[in-house]
Amino acid sequence: MRTSRRQESFSAFLFLLPDVAGLILFAFVPIVLAVYISLTQWNGYTQQLFVGLKNYTDLFQDAEFGKSLLTTLEYATVFVATMTVLSLCCALIINSVKGIGQEIYRTMIFTPYAISAVIAAMVWTFLYQVPKGYFNSFLMSIGLDKMLFLGSPEQALFSVIAVSLWATLGYNMIIFMAAIKDVPAELYEAAEIDGANFFERFKTITLPMLKNTSLFIIVMSTIAALQVFDQIKIMTDGGPAKATNVTVYYIYKMGFTVGQLGYASATAVLLFIAISIFTLFQFRLLNGGKTKDEA
Amino acid sequence: MFKREIPGQVVLYIVGFVLAAAIFFPILLMLTTTLKPVKDMFNNQILPSLGTMSLDSYRNLFASGSFTTAAVNSFLVSASVTVFGLLFHSMSGFALAKLRFAGRNVVFGWILSTLMVPFAVIMLPLFLMARSMGLSNNLLGMILPAIPQAYGIFLFRQFLLGIPTEIIESGKIDGASYFRIFFSLVLPLTKSIMVALGMAIFMGNWNSYLWPLLISQGPETSVLQLFIAALKSAYTTDWPTLFAASCIASFPPIIIFALIQKNLVASNKYVGVKG
């Protein structure tokens with residue numbers, strides 16, 4: 001009996017070994033290193049100099065970092081709020097289309113999610129071209145002035161947000177559609193008997209039943225938005241006039257172009273803290289409020 | 001009742017079509033632009049005119065071997081990560097769900113905690129580690145760090161918690177080792193989750209840009225996303241060729257996602273999100 005127990009433990013060890021070793025090497029060690037590097041001054045090649053919390057205190061006095069933080073928050077807020085409303089609206093519309101139309105429309109709206117962020121950014125860069133791109137031709141054909149889009153410090157961030165919305169709308173719509181289908185039909189029937197109209201039914205039944213799904217989408221979209229990079233790198237390189245210089249792009253630039261590794265790591269650690277708060281919240285949602293699992 | 005419903009559905013069909021068509025339009029335009037000559041790329045017509053329609057963009061793409069190299073590399077990286085990821089995650093999930101050992105919950109909790117580490121936070125130390133291990137500018141450097149993923153382990157564990165323990169007991173009575181039990185009795189049961197997770201892992205790596213951007217330093221280790229990004233020029237971009245590469249690179253994800261659309265929702269529910 002005792003040997004079979006030991007055999008079981010040893011087998012478990014072997015089963016877990018590849019993944020756990022991988023996670024130690026490629027997740028745990030790097031995060032420890034990130035914290036360590038953030039306490040040093042280093043260009044990646046010469047002698048590393050321990051400077052304590054200097055990078056952090058410098059960061060809070062750095063106007064570029066402050067602006068980058070605000071840009072990221074603006075990006076995340078606008079993206080998440082618009083995404084939640086738009087994907088819910090699309091789900092409600094497409095869900096009420098019956099028959100084959102629903103499947104065709106759903107697939108069409110979902111397709112942008114399947115293509116890569118790089119390609120999505122390319123297609124929209126093409127549409128945004130000044131002066132000959134499709135959007136500007138459309139604007140001029142209806143008698144409006146052409147716009148600069150990615151070339152304008154005021155419009156660039158919103159132009160990037162539009163791409164991110166376009167690329168992820170279908171995914172969130174599908175999650176909402178599944179949740180709408182899960183609302184028990186008896187609730188609607190009862191409400192109909194009570195004489196509730198479409199908007200009353202939406203307000204008193206659909207919306208409360210979708211609370212958890214909405215929270216899930218808000219948290220997941222926020223975590224994703226705080227890490228946006230691909231679209232920015234392709235479309236604007238953080239510009240113009242640093243208008244789209246979001247946190248991850250700032251880390252990339254500081255770490256890989258400017259060569260201030262300590263400074264870049266300090267930014268990364270702060271980003272880690274911000275995202276952790278949302279991830280912990282996400283865990284609670286996934287557990288449906290339970291903190292202990294069943295095993 | 002019947003009469004009243006038809007106009008409602010007609011309106012919904014039209015509204016739905018306008019919505020779906022507007023969202024699909026950029027994809028359609030990407031496809032049709034590949035058939036236009038460069039001089040017509042901003043001609044504001046969706047379809048190429050019949051007289052000038054050509055496949056030159058695709059010919060340009062394959063003229064040098066670098067596109068093929070990038071495509072092959074993308075496939076090698078994505079396929080390797082998928083195969084090893086599924087194997088390792090199913091093994092870990094099995095141990096966490098069905099084997100008893102001291103500290104099981106601690107190990108599981110620690111694995112879950114790695115979900116909190118976003119890639120952007122560790123990319124710099126990871127790059128330095130890869131460089132010192134000789135993995136930079138090397139496909140292995142793209143493959144190895146992408147394999148361990150707590151989410152996949154979590155999915156397999158949740159799934160395997162649901163299978164009856166008698167299956168394992170019966171294997172033990174027959175004198176099979178845990179490895180025999182796992183490979184011949186347990187693994188065949190995980191087919192549905194293998195397919196769904198496998199496709200998700202493949203697509204995630206196929207579409208990934210940031211890590212290859214850091215680790216690849218030359219055309220021989222380029223992947224599709226890097227190749228496409230490099231086609232954009234600050235001056236005049238050959239959009240038909242860029243989109244030809246994009247269409248080819250988008251083909252596998254679009255097909256695969258069309259197949260797993262329903263599973264996507266199922267796997268979400270599986271993790272326990274309630275509507």
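The pLDDT is the predictor's confidence in each residue, on a scale from 0 to 100. It matters here as the structure is a predicted model. Over residues 268-275 of chain B, pLDDT stays under 50, and the model has 20 contacts beyond four places in sequence for these residues.

**Confidence**
- The average pLDDT of chain B is 88, and 92% of the residues score at least 70.
- Among the elements of chain B, helix α3 (residues 66-98) has the highest mean pLDDT, 96, whereas helix α13 (residues 239-270) has the lowest, 79.
- The scores for the model are ipTM 0.89 and pTM 0.89.

**Overall form of chain B**
- Chain B contains 13 helices and zero strands.
- The radius of gyration of chain B is 24 Å, well over the 19 Å that the globule rule gives for 275 residues, so chain B is more spread out than a compact globule.
- Along the principal axes, the C-alpha atoms of chain B fill a box of roughly 75 × 70 × 35 Å.
- Of the 275 residues of chain B, 40% count as buried.
- Among contacts in chain B with a separation of 6 or more, 74% join residues 24 or more positions apart.

**Domains**
- The domain assignment divides chain B into domain 1 (2-57) and domain 2 (65-231).
- The C-alpha centres of domain 1 and domain 2 of chain B are 38 Å apart.

**Helix α10 of chain B**
- Helix α10 (residues 191-206) of chain B has 16 residues and spans 22 Å from its first C-alpha to its last, close to the 22 Å expected at 1.5 Å a residue.
- Buried residues in α10(B) include B:Ile193, B:Leu197, B:Phe202 and B:Trp206.

Conventions
Residues are numbered from 1 along each chain as its sequence is written. Chains are lettered from A and ligands numbered from 1 in the order in which they are written. This is a predicted model: local features need pLDDT of at least 70, side-chain atom pairs count only at pLDDT 80 or more; totals for chains, interfaces and linings use all residues. Helices (H or I, at least four residues) and strands (E, at least two) are DSSP runs, numbered from the N terminus. Two residues are in contact if their C-beta atoms, placed from the backbone, lie within 7 Å. The expected span of a helix is 1.5 Å times one less than its number of residues. A residue is buried if 20 or more other C-beta atoms lie within 10 Å of its own, exposed if 12 or fewer, and partly exposed in between; C-beta atoms are placed from the backbone. Domain bounds come from an automatic or database domain assignment. The radius of gyration is taken over C-alpha atoms; the globule rule is 2.2 Å times the number of residues to the power 0.38.
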